[in-house]
Amino acid sequence: SLSMIQRLAVSLRRRPAAAPLGAAVRCVSSASVNVTVPLNFWAGKRRTSQENCNKENVYEPATGRILCHLEPCGAVDVNQAVKAAKSAFGHWSKMSGMERARIMIEAAHIIEVRREEIAEMEVVNNGKSITEARLDVDSGRLCIEYYAGLASTLAGQHVQLPGGSFAYTRREPLGVCVGIGAWNYPFQIASWKSAPALACGNSMVFKPSPVTPVTAVMLAEIYTKAGAPEGLFNVVQGSQETGSLLCHHPDVAKVSFTGSVPTGKKIMEMASKGVKPVTLELGGKSPLLIFQDCDLENAVRGALMANFLSQGQVCSNGTRVFVQKNILPEFVEEIVKRTQAIEIGDPLLESTRMGALVSQPHLEKVLSFVDQAKKEGARVLCGGERFVPSDPRLKGGYYMTPCVLGDCTDEMTCVKEEIFGPVMSLLSFETEEEVLQRANNTTMGLAAGVFTRDVRRAHRVVEQIKAGSCFINNYNITPVEVPFGGFKMSGIGRENGQVTIEYYSQLKTVFVEMGDVDSLF
């Protein structure tokens, strides 16, 4: 079971330094031990791929060790998962909203009980701090609770027509929905996508990122234990090929994807072949505007939250930090001091505030952005270097020091392209009109933030910002009651909030004639 991976990778990490961590991790990856943990799940059970596929290594970012192996799903496996989802849909869609809600609430209760276990597994597979992982698990649970509450409120409209005739609308589920997740919030994204889908009466086949495949399977087991029909929530592992099979599958009614803009475009193109609706939550290069009349302490806190959560691997991060010229020196001094004080290290420790980046290739990519910024004239005010923790068990992990770049200009690569790592770019501005023009000068529009004491300015600015999720005097706050999503190339549709019901259901209009047919023939 997955808890075996957890005990092996987590408990051994907590031993004294002399304990051989390698032995702990190798025992789940070595053929000599013969421990297998299938990460695919459909029809109510973990499944081993029925196709001859090359297993892929799954790593623990904190140590660089192999955690387990992943079996990518091919056409046969995908067909079975979709078939299971289609079968479950027939039963689930006919249940009342209250019946669906009871099962979803039970799933939320199980998540609450297993909070620490899920959070620790998230840390082991993703590298983020245990403090953040707990909050992610809470967010997933709250999302399921929220949509359980909406499940019984789905309703259409009654329209009275002449002569006693009338029409009404029915809000009906779509069918089998596909969710494709990203590696930065594995459990939370699986919950955010499944909760509205299930509340509306759909079933789901979910494909996690191959980098972080393990906690979505825990969610699948939790739904099953809560009483969901077998096949209601299924997990298939794999990369682009598996995703393509899902998008093109004739029995799939909708695709919801979280990830990069280029991949989002491909998914939209594939879904268009079957005229399937899509929800796309894509990348961002979001602006954070800090005016001279702000509460500086809160602005600094907000900038840190906008850049360094999950090692900076957050799509909505406000990585372009525009600071009004008069307060720039004071802001820089404080932000550098706070950034240098961030505790980096073992993400399972309570004191850690920044864990490991998700993979070695990604770490190298982020570091290359810092090097490019220096070449283009940016000044590294702090950080931006590979970090090796003092604990010898962590020497192979994917760590870097959080970076603040000064003297940035709008045309620099670090300002124009999404880095997806702990790198903050500081830019100065003088007028509101100027900074608005510069803030909107991007093809993306996921999020934006403004810090000011002037309430009129705050609302005036966010009205003109071309972004789907805006924050006033805070940043990266995502309550599940509130829709989240982007403008422009940052996506289509929304996650969370009541409006998301519309993205997982369809309207049927019914006309009822109470008199005779008035025929022209």
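## Report on a predicted protein chain

According to an unreviewed UniProt entry, residues 52-510 carry the annotation "domain: Aldehyde dehydrogenase". The structure described here is a predicted model.

### The chain as a whole

The protein chain contains 16 helices and 24 strands. Its radius of gyration is 24 Å, close to the 24 Å that the globule rule gives for 521 residues, so the chain is as compact as a globular protein of that length. Along the principal axes, the C-alpha atoms occupy a box of roughly 80 × 65 × 40 Å.

Several further values describe the protein chain, and they are collected in the table.

| Property of the protein chain | Value |
|---|---|
| Buried share of the 521 residues | 58% |
| Share joining residues at least 24 apart, among contacts between residues at least 6 apart in sequence | 74% |
| Accessible surface | about 21500 Å² |
| Share of accessible surface belonging to carbon and sulfur atoms | 52% |
| Distance between the mean positions of the 54 positive and 54 negative charges | 4 Å |

### The annotated residue Glu281

The unreviewed UniProt entry also gives the annotation "active site", which covers Glu281. This residue belongs to strand 11, formed by residues 278-281. Is Glu281 buried or exposed? Its relative accessibility is 7%, and a residue counts as buried when this value is under 20%; Glu281 is therefore classed as buried.

Which residues does Glu281 touch, leaving aside those up to four places away in sequence? They are Phe257, Thr258, Gly259, Cys315, Leu446, Phe484, Ser490 and Glu495.

### Helix 8

Helix 8 spans residues 215-225. Eight of its 11 residues are buried, so helix 8 is largely enclosed by the rest of the structure. The buried residues of helix 8 are Thr215, Ala216, Val217, Met218, Leu219, Ala220, Ile222 and Tyr223. Just after helix 8 comes Gly227, which adopts a positive phi of about 110°.

### Summary

Glu281, which the UniProt record annotates as "active site", counts as buried, and helix 8 is largely enclosed by the rest of the structure.

Note on methods:
Residues are numbered from 1 along each chain as its sequence is written. This is a predicted model: local features need pLDDT of at least 70, side-chain atom pairs count only at pLDDT 80 or more; totals for chains, interfaces and linings use all residues. Side-chain values use heavy atoms; hydrogens and water are left out. Helices (H or I, at least four residues) and strands (E, at least two) are DSSP runs, numbered from the N terminus. The radius of gyration is taken over C-alpha atoms; the globule rule is 2.2 Å times the number of residues to the power 0.38. Buried means under 20% relative accessible area, exposed over 50%, partly exposed in between (1.4 Å probe, protein chains only). Contact means heavy atoms within 4.5 Å. Accessible areas come from the Shrake-Rupley method with a 1.4 Å probe; for residues, only the protein chains shown count as cover. Lys and Arg count as positive and Asp and Glu as negative; His and the chain ends are not counted. The place of a charge is taken as NZ of Lys, CZ of Arg, CG of Asp or CD of Glu. UniProt positions are given in the numbering used here, feature names are shortened, and annotations may be inferred rather than shown by experiment.
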